[in-house]
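These are my notebook entries on one protein model. I set down what I looked up, entry by entry.

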Amino acid sequence: AVCSMGNSTSRLYSVLAKTLSSGAVSQHQGCLEQLDSAQLDPIDPKDLLEECQIVLQKRPPRFQRNFVNLKKNAPSNHRPIRVMQWNILAQALGEGKDNFVQCPMEALKWEERKCLILEEILAYKPDILCLQEVDHYFDTFEPLLSRLGYQCTFFPKPWSPCLDVERNNGPDGCAMFFLKERFQLVSSANIRLTAMKLKTNQVAIAQTLKCHETGRLFCIAVTHLKARTGWERFRSAQGCDLLQNLKNITQGAKIPLIVCGDFNAEPTEEVYREFSNSSLNLNSAYKLLSPDGQSEPPYTTWKIRPSGECRHTLDYIWYSQHALNVNSALGLLTEEQIGPNRLPSFNYPSDHLSLVCDFSFNQDPDRLM
């Protein structure tokens with residue numbers, strides 16, 4: 001069924017309407033290749049945002065979040081690179097296994113939740129978008145974002161828990177999108193993470209891009225590590241494997257690196273320390289929002305399940321601090337904005353908050369190596 005989109009003569013009515021049907025996607029469950037969207041007309045992001053807002057007109061308005069300026073008077077001769085990290089919550093898990101007891105099922109309807117996700121992306125206009133728990137890649141995100149000018153890559157989990165949910169839309173996985181007008185793809189690697197030399201169910205995508213404006217190379221990676229308490233050593237092993245892969249790809253940190261992910265790990269965990277102490281010289285961008293620049297935010301996910309309330313910091317944007325500067329970072333939602341029923345909700349589509357940072361290249365990266 002297709003929900004009412006307002007004016008049926010809208011230029012984008014058929015675009016959004018076609019993405020509401022999940023049945024056509026099951027045949028693509030094992031397919032990693034991009035769909036050919038080259039023949040489709042480009043979409044004006046303002047028009048798509050307008051369409052989303054028509055669908056969402058009965059919902060509360062989107063929360064206001066502000067960017068915090070973190071620039072230390074370092075001059076930059078190029079436009080900043082905006083990176084967005086977000087676990088968007090797989091639809092099959094949201095409606096099925098995750099059991100958000102305070103969230104009405106009506107708030108999780110894909111027809112509207114999809115538009116909330118798109119609205120968030122369109123509001124911040126990232127140059128690079130890194131997503132986890134994507135189970136509507138082929139019928140929603142690839143068709144729409146490719147028409148917005150993004151090059152799209154998807155790598156599903158080998159054994160996605162979404163497949164255990166009745167009427168699922170295929171496996172969930174990590175997805176990466178970058179604006180082709182800003183970057184050229186140099187190399188791309190789909191990485192199935194290992195732990196104790198065993199292949200695991202968690203994945204990563206790492207792509208080396210060339211910035212058209214500066215000619216500089218950098219690597220961007222997205223991952224989603226194993227969830228649940230009791231799996232700390234497993235996450236640590238996965239993190240070590242990812243770091244080793246990234247050392248090879250970046251030639252031992254010669255190429256600047258940004259790593260986005262839901263690590264499912266608090267800052268007290270070993271995998272966090274591994275990234276902090278890596279020879280890749282990484283720092284966590286969101287630490288810079290704290291007064292001393294040394295503390296992570298108090299939460300990046302906040303939900304209520306039958307087992308109780310969960311408030312954790314699990315999501316990060318790591319970056320090469322010798323080669324990149326963080327110009328600004330998007331502030332998080334306050335407890336008052338999130339509300340007593342926590343996330344997801346009619347206001348916000350996921351149980352994880354989106355993280356957004358603006359980066360610039362250090363003008364003399366070798367000086368700080």
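**Entry 1: the strand β5.** I looked up the partners of β5 and found that β3 and β5 pair in the antiparallel sense over 5 bridges, where two strands count as paired if DSSP finds at least two bridges between them. Helices (H or I, at least four residues) and strands (E, at least two) are taken as DSSP runs and numbered from the N terminus. Buried means under 20% relative accessible area, exposed over 50%, and partly exposed in between, with a 1.4 Å probe and protein chains only.

**Entry 2: basis of the values.** I record that this is a predicted model, in which local features need pLDDT of at least 70 and side-chain atom pairs count only at pLDDT 80 or more, while totals for chains, interfaces and linings use all residues. Residues are numbered from 1 along each chain as its sequence is written, and side-chain values use heavy atoms, with hydrogens and water left out.

**Entry 3: the sheet.** In which order do the strands of the open sheet stand? I read the order of its 7 strands as β1-β14-β15-β2-β3-β5-β4, with mixed pairing. β1 (67-69) and β4 (150-156) stand at the edges with a single partner strand each, so one side of each is left without a neighbour in the sheet. Neighbouring strands of this sheet are turned by 20° against each other on average, direction ignored; axes are lines fitted to C-alpha atoms, for helices over the stretch in contact, and angles run from 0 to 180 degrees between N-to-C directions. I also checked β2 (residues 81-87), which pairs with β15 (residues 355-361) in the antiparallel sense over 5 bridges. The bridge partner of I81 in β15 is F359.

**Entry 4: helices on the sheet.** Helix α4 (residues 110-124) packs on the sheet and touches β1, β2, β3 (128-134), β14 (324-330) and β15, a contact being heavy atoms within 4.5 Å. The direction of α4 makes about 160° with that of β2. Helix α5 (residues 137-147) also packs on the sheet, touching β3, β4 and β5 (173-179), and its direction makes about 160° with that of β4.

**Entry 5: a loop.** I then examined the loop between α2 (45-55) and β1, where F63 lies. Is F63 buried or exposed? F63 is buried, with a relative accessible area of 13%. Leaving aside residues up to four places away in sequence, F63 touches L333, Q337, N347 and Y348. P61 has its place in the loop between α2 and β1 as well, but P61 counts as exposed at 67% relative accessibility. P61 and F346 are 285 residues apart in sequence and 9.4 Å apart in space, C-alpha to C-alpha.

**Entry 6: cysteines.** How many disulfides does the structure hold? I found 0 disulfides, a disulfide being a pair of cysteine sulfur atoms within 2.5 Å. C103 counts as buried at 8% relative accessibility, and C162 is buried at 0%.

**Entry 7: the whole chain.** The protein chain has 8 helices and 15 strands. Of its 369 residues, 57% count as buried.
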